[in-house]
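Reader: I'd like to learn how to read salt bridges and sheets off a model. Can you walk me through it?

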Amino acid sequence: MDFDEVSQAPDAAEELPRRRQMARVEDVARLAGVSTATVDRVLNQRPGVRAVTVQRVLKAAAELGYVLDPGLPAGALKPLRLAFLLPAGSNRFLSMLGRQIAGAQDQLASFNMRARVDYIESFKPELLAQHLRKSGRDVDGVAFMALEHPMVREAVDWLAERGVPAVTLISDVANTRRVAYVGLDNRSAGRTAGYIIARFIGSKPAKVAMIAGSLSYRAHEEREMGFLHLFQELFPAIEVVGLREGHDEEARNYRQTKMLLAQHPDLAGIYNIGGGPEGIARALKEAGRQNEVVFVGHGLTAETRALLVEGAMDAVITQNPQATLMDCVSIFANLRAGRPAAQGVERPRTEIILRENLP
């Protein structure tokens with residue numbers, strides 16, 4: 001998307017000067033659907049107005065060309081330009097999140113924001129760092145799925161030095177000047193997955209395994225830690241026989257699952273920490289084990305939904321992609337208004353989806 005490309009009706013240029021001359025506080029209030037007192041509070045930066053209302057008033061003032069109070073920060077009516085950097089590849093949940101963002105331009109416009117989605121080759125920290133720096137030169141805020149790597153940490157701090165706030169999505173990065181993290185408590189998510197599998201298996205000795213996308217994602221590492229600690233603390237009779245990386249690829253997950261089943265014919269559970277669940281399900285079906293091995297994964301998509309319905313998956317741990325987007329919007333709106341980044345933003349809730357409670 002070209003942020004500088006603007007289209008307008010043929011008579012818009014002629015109409016704009018007239019609207020600028022005539023616009024009054026009453027006009028802004030009418031277009032925004034609020035009182036004149038609310039408009040006055042927003043334009044003079046007084047407290048007591050919700051973030052969503054602030055953005056509606058600013059957008060209305062911008063459309064009318066209303067001349068602002070000189071004390072308002074320069075560029076307050078300029079749309080906030082955001083870049084969302086997501087891993088390219090076959091992770092269906094991340095693809096769905098990307099489509100959600102790309103399709104929300106009208107919704108974002110109501111907050112006086114514009115956004116683009118850039119896809120970056122997965123598991124490449126040097127490429128992610130390059131894109132962070134590149135984006136920081138032409139946007140006002142960046143949201144991205146982080147990789148735990150020194151180059152990424154340096155890029156985030158470089159953005160902070162330039163006054164470009166960075167928000168991490170799904171997976172966080174330690175020891176940086178990022179302004180906020182929007183995602184699950186991944187250690188808790190790993191413990192939750194372990195608890196579900198243990199309760200499905202019952203109180204008997206058993207073996208379970210994990211397949212991750214990549215432990216270069218802090219989210220995957222934390223899920224692994226939570227999963228391991230849950231069994232050590234509460235279900236010591238269940239042995240975790242190992243962790244394999246599938247890079248969120250269906251074919252690689254298929255091969256990893258086949259090897260796990262060959263090495264551990266008595267395997268009773270699999271926790272898929274990342275994407276590519278179809279490969280795991282295919283291997284289980286080919287072995288005739290889909291009704292015996294408890295299978296828990298992440299991200300409710302059309303694919304995981306189908307696997308739940310047919311019984312190949314037992315549970316999906318997920319978060320709402322629309323809520324993820326709106327949390328980012330709230331964070332950037334807070335920063336633009338000079339409020340703490342996380343003010344009024346609730347931590348995403350972990351949702352557990354079974355076949356019987358599919359939304």
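Author: A salt bridge here is a side-chain nitrogen of Lys or Arg within 4 Å of a carboxyl oxygen of Asp or Glu. Keep in mind that this is a predicted model. One case is R92 with E278, whose side chains meet at 3.0 Å, N to O. R92 sits in helix α5 (residues 92-102) and E278 in helix α12 (residues 277-286), so this pair links distant parts of the chain, 186 residues apart.

Reader: Are those two side chains buried or exposed?

Author: Buried means under 20% relative accessible area, exposed means over 50%, and partly exposed is in between. R92 has 36%, so R92 is partly exposed. E278 has 14%, so E278 counts as buried.

Reader: How many salt bridges does a search of the whole structure find?

Author: The search finds 18. Another one to look at is R81 with D140, where the closest N and O atoms are 3.2 Å apart. R81 lies in strand β1 (residues 80-88) and D140 in the loop between α7 (125-135) and β3 (141-144), so the pair ties together parts that are 59 residues apart in sequence. R81 is buried because its relative accessibility is 18%, while D140, at 23%, is partly exposed.

Reader: What about R355, which residue does it form a salt bridge with?

Author: With E356, the closest N and O atoms being 3.3 Å apart. R355 is partly exposed at 45%, and E356 is exposed at 69%. Salt bridges can also share partners: R92, E278 and E303 are joined into one network that way.

Reader: Now the sheet. In what order do the strands come?

Author: To read a sheet, follow which strand pairs with which; two strands pair if DSSP finds at least two bridges between them. Here six strands form an open sheet, in the order β7-β6-β8-β9-β10-β11, with mixed pairing. The edges are β7 (238-245) and β11, each pairing on one side only. On average, neighbouring strands are turned by 20° against each other, direction ignored.

Reader: How many bridges join β6 to β8?

Author: Five, between β6 (residues 206-212) and β8 (residues 267-272), and these two run parallel.

Key
Residues numbered from 1 in each chain as written. Predicted model: local features only at pLDDT ≥ 70, side-chain atom pairs only at ≥ 80, totals over all residues. Heavy atoms only, no water. Helix = DSSP H or I, 4+ residues; strand = E, 2+ residues; numbered from the N terminus. Axes fitted to C-alpha atoms, helices over the stretch in contact; angles between N-to-C directions. Buried < 20%, exposed > 50% of the residue type's maximum accessible area, 1.4 Å probe, protein only.
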